[in-house]
Amino acid sequence: MKQGTRIPALAKLLPFGTLAGCAGMQSALQPTGAEASDIGTLFWTVTGISVLTFLLVLAFMAGALKGSPGLRRRISDQRTIVACGIVLPVFVLSGLLTYGLLVMEAGSTRTASAEGPGITIVGKRWWWRVVYETPDGREVVSANELRLPVGRPVAIRLETEDVIHSFWAPQLGGKLDMIPGRTNVLTVEATEAGISRAQCAEYCGGAHAMMAMFVVALPPDEYDAWLAAEAQPAASPVSALAAKGEAIFAEYGCGACHTVRGSAAAGIVGPDLTHVGARHSLAAATLANDRDAFVRWIAQNQHIKPGNLMPPFDMLTPEELAALGAYLDGLE
Ligand SMILES: [Cu+2]
């Protein structure tokens, strides 16, 4: 019957398994941004004080249940109850409230201090339009990936063109809603180069869970070079296959919904594809980006991301799909 006792003991440990989900590129506890750092410290402080308070309560309970008559008398004394039941909580909670307000205040001070070009992220069902401002005041439209310069606070304007979404990049900062008719500003400052993950954090309909995005923090000079490249029109097809793909793209009306700058495609219903080949993922972090992923997405997108607003093009032949894949993969 040893077996019988072992299973419940293991079962008790199960909830801790979920803690493993806290690690990695979407963890608020591994900050790579200034605001997330503040929030991380706040979290550990509140958690630490909560644990101490809990242990204190347990100690009093143990004393009240099992302590000597003298100890029990002291615990039930009017003064102990006032000190530990009123004075202490008021003191601890006021302290934590003040600290929390100061962390929030630091966030808005950072927003006020963000100089330089900003970024606008527009929530769409179920992807993100990302519009960068260049130093000379032009707008560069991109999608489904956010790039940031390390060490420069950037004011991100959060908007939506349909329902409420919420932008949350836990390693960078707090989460902020995208509300129809409003612009909410979130200022983030990446403190380390690297890739993290953002997720829509407000249920926005069918494919909400698949509305995520990679955030790529780059050293400032690399970021400037990348933005200058992103502002350029699309590269011309380099192979005969890719050129055929470009023709199929036009023939099947992909350009009614997608923009490829430098070509006739100027649709705004779906993500801008001018430099789609250079992104880390497709369809808002649903697929890793490679030539094969383009093919699968175009033909089977309703299977891959059910309910998304692009029709499946499953009538295309494998040759046509391969050509489209070569064309889109080359848009770097
Ligand atoms: Cu959502």
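**Domains, helix pairs and core**

Modeller: The chain is divided into domain 1 (32–113), domain 2 (119–230) and domain 3 (240–329), with bounds that come from an automatic or database domain assignment. This is a predicted model: local features need pLDDT of at least 70, side-chain atom pairs count only at pLDDT 80 or more, and totals for chains, interfaces and linings use all residues. Residues are numbered from 1 along each chain as its sequence is written.

Biologist: Why is H2 called roughly antiparallel to H4?

Modeller: Helix H2 (residues 34–66) and helix H4 (residues 78–113) pack at an angle of about 175°, with their axes 10 Å apart. Angles under 35 degrees count as roughly parallel, over 145 as roughly antiparallel, 65 to 115 as roughly perpendicular and the rest as oblique. H2 is therefore roughly antiparallel to H4.

Biologist: How are the angle and the helices defined?

Modeller: Axes are lines fitted to C-alpha atoms, for helices over the stretch in contact, and angles run from 0 to 180 degrees between N-to-C directions. Helices (H or I, at least four residues) and strands (E, at least two) are DSSP runs, numbered from the N terminus.

Biologist: What makes H6 roughly perpendicular to H8?

Modeller: Helix H6 (residues 240–251) packs with H8 at an angle of about 105°, and their axes are 7 Å apart. That angle makes H6 roughly perpendicular to H8. Residues of the contact include Leu241, Ile248 and Phe249 of H6 and Leu324, Tyr327 and Leu328 of H8; two residues are in contact if their C-beta atoms, placed from the backbone, lie within 7 Å.

Biologist: Which residues have the most contacts inside the largest nonpolar core?

Modeller: They are Met211, Met213, Val215 and Ala284, in a core of 59 residues. A nonpolar core is a set of buried Ala, Val, Leu, Ile, Met, Phe, Trp, Tyr and Cys residues joined through C-beta atoms within 7 Å. Buried means that 20 or more other C-beta atoms lie within 10 Å of the residue's own (exposed: 12 or fewer; partly exposed: in between), with C-beta atoms placed from the backbone.

Biologist: How do you know where this core lies?

Modeller: Domain 2 and domain 3 both give residues to this core, so it lies between them. Met213 touches Trp128, Leu146 and Ala284, among others, not counting residues up to four places away in sequence.

Biologist: How many residues does the contact take from domain 2 and from domain 3?

Modeller: The centres of domain 2 and domain 3, taken over C-alpha atoms, are separated by 22 Å. The contact takes 19 residues from domain 2 and 15 residues from domain 3.
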